[in-house]
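Please look through the sequence and the structure shown below before reading on.

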Amino acid sequence: MKVKVSVFDKFKNDALYRTKIFLYASLTFNIAYSSYLFVSSLVVHSKWFFIMSIYYGLLSIVRAFLFVQINPDTSISSKIKTMRGCGLFLLLIDVVVSAMFFILLEDDYVANYGENQVIMLATYTFISFGVMVANGTRVVKKNDHVYSSAKILSLNAASVSLVTLTNTMLSTWGNGNTSLRNVLLPTVSGVVAVFVIICAIIMILKSYLDLRTLEFELE
């Protein structure tokens with residue numbers, strides 16, 4: 001019983017420990033989701049699922065990098081540079097996946113998704129957004145660049161998943177309504193594409209500004 005209490009207290013009071021738990025859980029969840037999309041892409045012959053599996057696989061690499069960077073002895077300068085590196089990498093893969101959104105939209109082929117795929121994608125998307133809402137205020141209150149980077153990655157992952165969920169739902173329950181698909185899917189894809197790219201740019205700009213401010217203070 002004492003062990004359980006001490007672990008709970010540590011999670012509640014130790015921000016570093018809490019961040020590690022959050023990142024480890026996100027990394028595990030991300031890898032599982034990427035693997036599921038990859039297997040599903042082979043089963044239902046979905047180009048969309050295949051591209052998304054690669055995207056989430058790359059996000060897993062970034063999360064693993066952030067997990068390694070969590071160290072109480074890490075300097076503020078190193079944390080800021082970590083955010084800058086994550087922002088640049090995130091911008092690259094966001095631009096690529098955003099371009100893939102519209103390339104795939106031009107493809108007339110629609111995969112034959114099943115209800116199981118819709119349920120799995122909906123579960124991932126709603127859990128991701130639920131966790132973001134529950135923990136969102138800590139990003140603002142806690143000026144930790146590694147922790148903030150992890151939260152922005154989670155927000156990007158949830159947002160991109162919303163596009164995949166929309167595509168899968170329209171393909172499964174759209175009843176061949178191409179007009180709805182041709183309007184709704186490009187709209188959602190466009191909004192999400194702009195949003196995730198802006199998030200990456202904000203990470204880069206914040207890291208550059210904070211690094212310059214730190215260098216000015218040290219002079």
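## The chain as a whole

Of the 219 residues in the protein chain, 41% are buried, where buried means under 20% relative accessible area, exposed means over 50%, and partly exposed lies in between, as found with a 1.4 Å probe on protein chains only. This is a predicted model, in which local features need pLDDT of at least 70 and side-chain atom pairs count only at pLDDT 80 or more, while totals for chains, interfaces and linings use all residues. Residues are numbered from 1 along each chain as its sequence is written, and side-chain values use heavy atoms, with hydrogens and water left out.

The protein chain holds seven helices and zero strands, and its pattern along the sequence reads α-α-α-α-α-α-α. Helices here are DSSP runs of H or I with at least four residues, strands are runs of E with at least two, and both are numbered from the N terminus. Among contacts between residues at least 6 apart in sequence, 82% join residues at least 24 apart, a contact being heavy atoms within 4.5 Å.

## Two helices, α4 and α6

Helix α4 covers residues 76–105. Its 30 residues should span 44 Å at 1.5 Å a residue, and its end C-alpha atoms are 43 Å apart, which agrees; the expected span is 1.5 Å times one less than the number of residues. The buried residues of α4 include I80, M83, C86, L90, V97 and F101.

Helix α6 covers residues 145–173. This helix has 29 residues and reaches 42 Å from its first C-alpha to its last, close to the 42 Å expected at 1.5 Å a residue. Because 24 of its 29 residues are buried, α6 is largely enclosed by the rest of the structure.

## How the helices lie against each other

The axes of α4 and α6 come within 9 Å and cross at roughly 10°, where axes are lines fitted to C-alpha atoms, for helices over the stretch in contact, and angles run from 0 to 180 degrees between N-to-C directions. That crossing makes α4 roughly parallel to α6, since angles under 35 degrees count as roughly parallel, over 145 as roughly antiparallel, 65 to 115 as roughly perpendicular and the rest as oblique. Among the residues that make this contact are M83, L90 and F101 of α4 and I152, L153 and V160 of α6. By class, the contact of α4 with α6 divides into nine nonpolar, five polar and two charged residues; Ala, Val, Leu, Ile, Met, Phe, Trp, Tyr, Cys and Pro count as nonpolar, Asp, Glu, Lys and Arg as charged, and the others, Gly among them, as polar.

Helix α3 (residues 47–69) and α4 have axes that come within 11 Å and cross at roughly 175°, and the two are therefore roughly antiparallel to each other. Residues of α3 including W48, Y55, L59 and F65 take part in this meeting, as do residues of α4 including C86, F89, I93 and L104. The contact of α3 with α4 has 18 nonpolar, two polar and two charged residues. The axes of α3 and α6 also come within 11 Å, crossing at roughly 170°, and these helices are therefore roughly antiparallel as well. Their contact has 14 nonpolar, seven polar and one charged residues.

## Single residues within helices

T166, which has its place in α6, counts as buried because its relative accessibility is 13%. When its neighbours within four places in sequence are left aside, T166 is in contact with L184, L185 and V188.

I204 has its place in helix α7 (residues 178–218) and counts as buried at 10% relative accessibility. Leaving aside neighbours within four places in sequence, I204 is in contact with R84, G87, L88 and L91.

## Cysteines and a loop residue

C86 counts as buried at 2% relative accessibility, and C199 counts as buried at 10%. A search of the whole structure finds zero disulfides, a disulfide being a pair of cysteine sulfur atoms within 2.5 Å.

H45 lies in the loop between α2 (15–44) and α3, and at 56% relative accessibility H45 counts as exposed. The phi of H45 is near 55°, a positive value in a residue other than glycine.
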